[in-house]
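Let's take a friendly walk through the aromatic side chains of a protein model. Have a look at the sequence and the structure before reading on.

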Amino acid sequence: MSRTGRFSTAIRDYARRQIEHLGNADIVVGIPSYYSDESLPHVIQMVAEGLDHFYPERKSLIIIADGGSTDDSREVAHNVDLHHFNIDVLVTIYRGIAGKGSAFRAIFEAAKYLRAPAVALFDSDLKSIKPGWVRNILDPILNGYDFVAPDYSRYKFDGTITNTIAYNLTRALYGVNIRQPIGGDFGLSSLMVNHCLNQDVWDTDIAKFGVDIWLTITAITGNFRICQAKLGAKIHGAKDPAADLGPMFREVVGTIFNLLGSNQTYLEKVKETINTPIFGESIGEEPESFEVKLEPLKEYFRIGYKNFGSVWANIIEEEDYNTIKKLALSKSLKKFDLPTETWVRIVYCYAAYFCRAERQRFKILDTLIPLYNARVASLIMILREKSQAEAEEYYDGQAQAFESLRGYLIDLLKNNNMSS
C-alpha cells in the first residue's frame with residue numbers, strides 16, 4: 001500500500017486520519033486488547049515509561065487495537081495520563097475477523113504507513129511488564145534483527161501448550177530453538193512487518209488467535225534474523241494447567257498443523273537445530289509457584305478414552321494405543337506416566353492425520369486434547385519434586401526426543417502425498 005492509498009479494512013477511517021496526521025514514526029508499539037480494562041492502563045503506563053526513558057529522542061506511537069470490548073477498555077486507555085511524555089497514543093477498534101491477528105494487522109498497517117523501523121507488541125493483560133521490557137524487545141530490532149521472541153522466566157508448570165507441543169515442534173521441525181514461540185510479546189523490523197502484511201492469511205483463522213505461532217514460524221521460514229529477549233516472569237491471570245485450555249489448544253496446535261503442508265519442502269531441508277542468540281537480562285520478579293489440580297487432568301483423559309478410544313486406535317500406532325489403553329484403565333494413583341517417545345509419536349501421527357483430513361479437522365484436533373491432558377499430568381508427576389533448573393533440563397530432553405523422531409513425521413507426510 002502506498003502512503004497515499006487507503007488502508008485495508010483493518011483500520012477505521014478516524015484512526016487512518018490520525019495516522020496520516022502523524023506522518024511518520026521511529027517506533028510503533030501495538031497493544032491488542034479485548035476486555036482488558038483492569039490491566040490495560042498498567043501496560044500502557046509501563047510502555048510509555050520505557051519509551052520515554054530508553055528512546056527519548058525517537059518519535060513513538062502507542063496503538064491500542066481493541067476488538068470491540070463492551071467493558072471500559074477503550075475509555076481507560078484514553079484516560080491514562082501520559083501528558084508528561086512526548087508520545088502519541090491511538091485507541092481504535094480494528095476491522096476484520098475478531099481476534100488478535102486482526103489487531104496485529106491493524107498495527108502493522110499503521111507501522112508501514114508511518115515507515116517505522118521498529119515495532120513492538122505487548123499483550124494487554126500483562127501484570128508483570130516493566131519499562132525495561134520495551135528496551136529488551138526493541139534494542140535488537142534497532143540493531144539489525146528482524147524478529148525478537150520473548151524469553152520469560154516461567155514456573156515449571158506454566159505454559160503447558162508450549163512445553164508439550166509448541167516449543168518442541170518449532171525446534172524439531174523448523175530447526176530453530178525458540179523457547180517461547182507463542183509468547184505474545186514480540187519485536188519486528190519493518191522488513192518483517194511488510195512481509196507479514198503481504199501474506200494471504202488475514203481472512204483465515206490466523207486472524208483469530210493462531211497468530212503468535214504463525215509469526216514465529218513465518219520469521220523462520222522467511223529466513224529473517226531472529227533472536228530472543230530476556231524479559232522476566234510473565235504474570236497474566238489464571239495459570240492452572242487443569243483449566244479449560246481447549247480453545248487455545250485448537251488455535252495454536254491447529255495453526256502449527258495447518259502450516260506443515262505449505263512448509264513441507266522447508267521441513268525436508270532442515271538438518272540440525274540452531275540456537276538463536278538471547279539478549280538482555282530478566283527484569284522484575286521471579287515466577288511464583290502455584291497449585292496444580294492433577295485429578296481433573298487424569299479424569300479428562302479417562303473420559304476421553306471412553307469417548308474417543310476408537311478414534312485414537314485409528315490415528316496412532318498400535319503400540320502407543322496399547323500404552324494409552326493401559327494408562328486409562330489403570331487404578332493406580334501413583335504411577336501415571338505417558339512416556340515421552342509415546343507422546344512424540346502421538347503428536348506426529350495426529351499432525352499427519354490432520355494434514356490429510358479434508359473435513360472436520362478441528363473435531364479431530366479435539367480428540368487430541370485428552371491425550372494432551374494425560375501428558376501434562378505425567379509431567380506434573382515427574383517434575384513436582386524437581387527444581388526449576390531440573391525441570392528445564394527435562395524439557396530440553398523432551399525437545400531432543402522430538403528432534404530424534406522428526407524423520408518419522410517427514411515420512412508420514414510423504415506418505416500422505418503418495419496416497420493423495
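A charge sits over a ring if NZ of Lys or CZ of Arg is within 6 Å of the ring centre and within 35 degrees of the ring normal. With that in mind, turn to R179 in this predicted model: R179 lies over the face of Y167, 4.4 Å from the ring centre. You can find another such arrangement at Y145, where the charged end of R225 sits over the ring at 4.2 Å from its centre.

Rings can also meet other rings. A pair of aromatic rings is described by the distance of the centres and the angle of the planes. How many aromatic pairs does a search of the whole structure find? The search finds 18. Take Y155 and F157: the ring centres are 5.7 Å apart and the planes stand at 85 degrees, so this pair is edge-to-face. Y155 counts as buried because its relative accessibility is 14%, under the 20% cut-off. F157 counts as buried too, at 6% relative accessibility.

Y155 also forms an edge-to-face pair with F290, with 4.9 Å from centre to centre and 65 degrees between the planes. Where do these two residues lie? Y155 is in the loop between β5 (147-153) and α6 (160-174), while F290 is in the loop between β10 (278-279) and α11 (294-315), so their pair ties together parts that are 135 residues apart in sequence. F290 is buried as well, with a relative accessible area of 17%.

Finally, look for a group of rings: F104, F108, W202 and W214 form one aromatic cluster.

Conventions: Residues numbered from 1 in each chain as written. Predicted model: local features only at pLDDT ≥ 70, side-chain atom pairs only at ≥ 80, totals over all residues. Heavy atoms only, no water. Phe/Tyr/Trp six-rings, centres within 6.5 Å; stacked < 30°, edge-to-face > 60°. Buried < 20%, exposed > 50% of the residue type's maximum accessible area, 1.4 Å probe, protein only. Helix = DSSP H or I, 4+ residues; strand = E, 2+ residues; numbered from the N terminus.
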